[in-house]
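Subject: Handover of the structure

Dear colleague,

I am passing this structure on to you, and the sequence and coordinates follow directly below. My notes on what was found come after them, and I would be glad if you read them with the structure open.

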Amino acid sequence: MSLGTTIAAPAGHEPAPDVRDGSTRPRRRGDRVAYLFLAPWFAGLLLLTTGPLLGSLYLSFTKFNLLQPPAWNGFGNYLKLFTDDPRYLQSLKVTFIYVALTVPLQLGFALAVAVMLNRPLRGMAWYRSIYYIPSLLGGSVAIAVIWGQLFDDDGVLNGFLAFFGVAGRSWISNPDTALYTLVLLNIWQFGSPMVIFLAGLKQIPQELYDAASVDGASAWRRFWSVTVPLLTPIIFFNVVLQIIQAFQAFTPAYVVSGGSGGPSDSTLFYTLYLYQQGFTNLNMGYASAMAWVLLLIIATFTLINFGLARRWVYYEDR
Amino acid sequence: MTTPLSRRHFLQAGLAAGALAPLLSACNLDPAAKEAKESVRFSSYGDPTKLGLRGKLADLYTSSHPDVKIVFEGTATAEYWDKLATQMAGGNAPDVINIDVPRIGQYGAAGALQSLQKYVPDTIDTKPIDHNLLIQGQLKGEQFGIPVAMSTYSMGYDVTVLDQLGLEHPHQTWTWSEFATLANEIRQKSGKKIYGAEDPSGDTASLQIFLRGKGEDLYKNGTLAFPDSLLTEWFEYWAALRATGGTIPADIAAQSKYGDWPAGPLVKKQAALAHIQTPNLKGGFQDLTDHTIEITLPPRNTKDGKCGTFPQPSSFLSLNARSKRADDAAAFMNWFANGAEAAKTLRLISGPPASAAGRDVLLKGSDLSASEKQVLAYTDLALKNSSPPSQAGPAASTAVADLLLKTSQDIAFKKISIKQGVQKFMADARKTLDGK
Amino acid sequence: MTTLQQAPTKRRWLTHLALIAGTLVMVYPLLWMVGGSFKDEKDIFSQLNPFPGSLDPRNYVAGWTATDPTFTRFYVNSLLIAVLAVAGNVIACTLTAYAFARLEFRGKKVFFGIMLGSIMLPAHALLIPQYVLFFNLGWVNTYLPLVVPKFLATDAFFIFLMVQFIRTIPRTLDEAAMIDGCGKVRIFSRIVLPLTGPVLITTMIFTFIWTYNDFFAQLIYLSYPSSETVPVALRRFVDATGDSSYGQLLAMSVLSLVPTFIVFLLAQRRIVEGIATTGLKG
């Protein structure tokens, strides 16, 4: 994978000793300590990660129905994806819309709430815990029932709209709006980026705020000149990971549409279609090819993110 | 026999991890794992009640057969198939596999299941089992699945609503045009408060009932067995009802998937007519509403025409092609399908027993509940009115079912015309069935 | 430190008001679940009022004992797996993250890329090869496939998370310690580890909750009733092929939230207390 060579891995400010200047000894020693720290990770990589990764890459070049041995199919699966499968293209479209909406909205919301919950007010512990409840529910069966209760034709939202004399419809099962109810579901489950932001906010030294206050900066100014810059590594983490997770989103559509991606394929997420191909239609070779194309898409976005990060992410260790 | 994915394909990881295995297997956390090696594994799906009863049967068999241990593995229905496929791929599937109608063709055709022909009739007695049920577990004339219980397609109606509106109840020999009339009357007489019927236009089981009433069927020899014109007629029939409110609008239809019980239009009192598979009458409908639900035969094409309904196995017992204890497994299957203990334990939980021996046991007992009587009476009626079904469906029948649902939604939401929808469905379904 | 606490009373009340309004949106579904869990099967979906007529716990009693073994066993199993996973992730991911964030070694960029790349393949595509691997290791029907990967730092999410946090700690602290004669290991245990408190707690909370909720791996690798877990057992209450017990489903779903909610409530204080009060100079 060429990913590693281009991603800007965290680099220390002490210049890495150059092999050519003859100072190899300290470097070897440093390597040894580092590899010691990395030993569990290396073991996991060799024993648990590499095999299945290579296995799935191999399967992507085969026809494999899970019941009979895989048969070599060359680039057949990859070719079919882009030339002969309108549902695949639909799943790409749905997923890109979902990523584009859900990542900025969820992260913006999570940051705003985290800042608010970071204040030293009475009862904050309960607020924080209650705001995390939607995320505790995860992909539980109950979510499907609840989301129906909210967005069905006779759901809570329509009851609310009827109050104002507006006749609603079934938001969750209309192809024009179904995807947006899932975007909303994801925003509502904003707990994990919020907690990460909270942890990040706690790393910011209080003295910096005090100093800014002494200089007469308003709360708004303090947010932009102290909070945001010092939080950039954490914001960056959330952006990278939320993009990866949004591209792989599966549970909301699986739970709410009962695995169909309907109505009319309007919530056919990429991984949901992959799942249908692999496990319902037993085309695991095809599903594996889909997985590797998705890996390339996600890797591209991640690379772009790391490239842009140099311009806006500020590290204390630089 | 090789597993679909052998270690060969993961040589590198397999070898590396193999070195670690003895070390870690020492800290095996599960007590059952050690026993399982010498046992017959039996997997099934369903709700806690069903799984509890089947687990109990496995224990009962073990205690009365000292040399065989049946190890029961129960899984919730929705995820059972994912798990089964994964176990198959790894070469670790159970010996006796509970499997449903669409998948027996899929798994049987791929050689994942064993033909039971050599065990019939000595080990497995199929004589008490209805012939129409048996042939649905056959592939190319060989028995691959033993039906356990039967499920019959019926038309359910909301007695409370019909009585309130002063409408007559449907009768056994009603036609599709009478169905439409009744549906429209419900809409009109209720002051447009409720719709007439559900919209089953995307449901393959309903389409099959309609086709069989016309003397055709869904599949024959692994491909579509009906002409374009009949599918057009089907979609047009429901489009007309949709226009008059005789059936629910597209968005309500899309939120009421069969099997998602609380969202069903009959339960939500949005419509007064909807199809019901007999084992679901109680738990999926009657228990969830305070209205009274009755069932009758589905409509026919003409008054004296054939009724399309037929008894279907709710599920089969089948034998893993790689089973190492096939003889013991086959004996257990026979005991499960024909035995009196099994019938008394399972009762009508998946529908009436497929075996006449089992049904006799229940009928002789005097403890039948009202809904059990309702189902038994209807099954009796359906058996008298049914015509022979075809053998197990083609491997891609689940994919075709998804396709029909999507096509019906595209039409209902007016994304495409009926003509386009039919053409697209026929072409895509044929392609899917050909495995392309 | 005191600037925010001196916020005028009016502002404080406005904040409370906004937070309470948000609370309603967050807990409505939970209220509905709790209400439904006390209702009759027929009334759950037909009554709009989320409050039940009575607090009859029959759905709780029936749901808890609907399976054999009962939910007691499932809770023991779920909690055991979650606690082991937490231990694994905290130990393995911290070590790995420290190396990536602070140490120099050959191949660092390549390894970092591989680490991130390993979470870019969707889980469903990896499932079959992983199953084959674990089956050949003899790990199927044990907790090993659910726990061992955590001890071998396969969860890149947490590694990357910790890397980002360690990098917010000024390096001047390391250098001061180095002058005092500390080695890399001492710097890790004396400087970096104590200062990453909030993110360690975050890792613990998330690992606990996500492992507790991760039903798919548990479904695939555990087959016997006695080894089953809470989320897997919960799926049984909804059955498209027969009976569904929605009252019991809701009752058991409510109960299933209790352990994770308690863990979150207790642990989040630690995130917030964290290190901010120690007056670390940037």
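Pro69(C) sits in the loop that runs between helix H3 (58-64) and H4 of chain C, where helices (H or I, at least four residues) and strands (E, at least two) are DSSP runs numbered from the N terminus. The peptide bond leading from Asp68(C) into Pro69(C) is cis, with omega near 0°. Most residues other than glycine have a negative phi, and most peptide bonds are trans.

Please keep in mind that this is a predicted model, in which local features need pLDDT of at least 70 and side-chain atom pairs count only at pLDDT 80 or more, while totals for chains, interfaces and linings use all residues. Residues are numbered from 1 along each chain as its sequence is written, and chains are lettered from A and ligands numbered from 1 in the order in which they are written.

Leu66(A), with a phi of about 75°, is found in the loop between strand E1 (62-63) and strand E2 (71-72) of chain A. Leu66(A) counts as buried because it has 24 C-beta neighbours inside 10 Å; a residue is buried if 20 or more other C-beta atoms lie within 10 Å of its own, exposed if 12 or fewer, and partly exposed in between, with C-beta atoms placed from the backbone. Asn221(B), with a phi of about 50°, is placed in the loop between strand E8 (219-220) and strand E9 (223-224) of chain B, and Asn221(B) is exposed, since 8 other C-beta atoms lie within 10 Å.

Turning to chain C as a whole, its secondary structure comes to 14 helices and zero strands. The radius of gyration of chain C is 23 Å, well over the 19 Å that the globule rule gives for 282 residues, so chain C is more spread out than a compact globule; the radius is taken over C-alpha atoms, and the rule is 2.2 Å times the number of residues to the power 0.38. The C-alpha atoms of chain C fill a box of roughly 70 × 65 × 30 Å, taken along the principal axes, and buried residues make up 56% of its 282 residues.

Chain B contains 19 helices and 12 strands. Its radius of gyration is 23 Å, close to the 22 Å that the globule rule gives for 436 residues, so chain B is as compact as a globular protein of that length. The box filled by the C-alpha atoms of chain B is roughly 75 × 55 × 40 Å along the principal axes, and 55% of the 436 residues are buried.

Within chain B, Ser318(B) belongs to strand E12 (residues 311-319) and is buried, with 26 other C-beta atoms within 10 Å. Leaving aside residues up to four places away in sequence, Ser318(B) touches Ile97(B), Ile99(B), Ile104(B), Leu113(B), Phe144(B) and Gly145(B), a contact being two residues whose C-beta atoms, placed from the backbone, lie within 7 Å. Ser318(B) and Phe144(B) are 174 residues apart along the chain, yet their C-alpha atoms are separated by 6.1 Å.

The contact between chain C and chain A takes 94 residues from chain C and 87 residues from chain A. H14(C) gives the most to the side of chain C that touches chain A, with 12 residues. That side has 60 nonpolar, 22 polar and 12 charged residues, where Ala, Val, Leu, Ile, Met, Phe, Trp, Tyr, Cys and Pro count as nonpolar, Asp, Glu, Lys and Arg as charged, and the others, Gly among them, as polar.

Finally, in chain A, helix H11 (residues 219-247) and helix H14 (residues 284-312) pack at an angle of about 165°, with their axes 10 Å apart; axes are lines fitted to C-alpha atoms, for helices over the stretch in contact, and angles run from 0 to 180 degrees between N-to-C directions. That makes H11(A) roughly antiparallel to H14(A), a term for angles over 145 degrees.

With best wishes

Notes
Angles under 35 degrees count as roughly parallel, over 145 as roughly antiparallel, 65 to 115 as roughly perpendicular and the rest as oblique.
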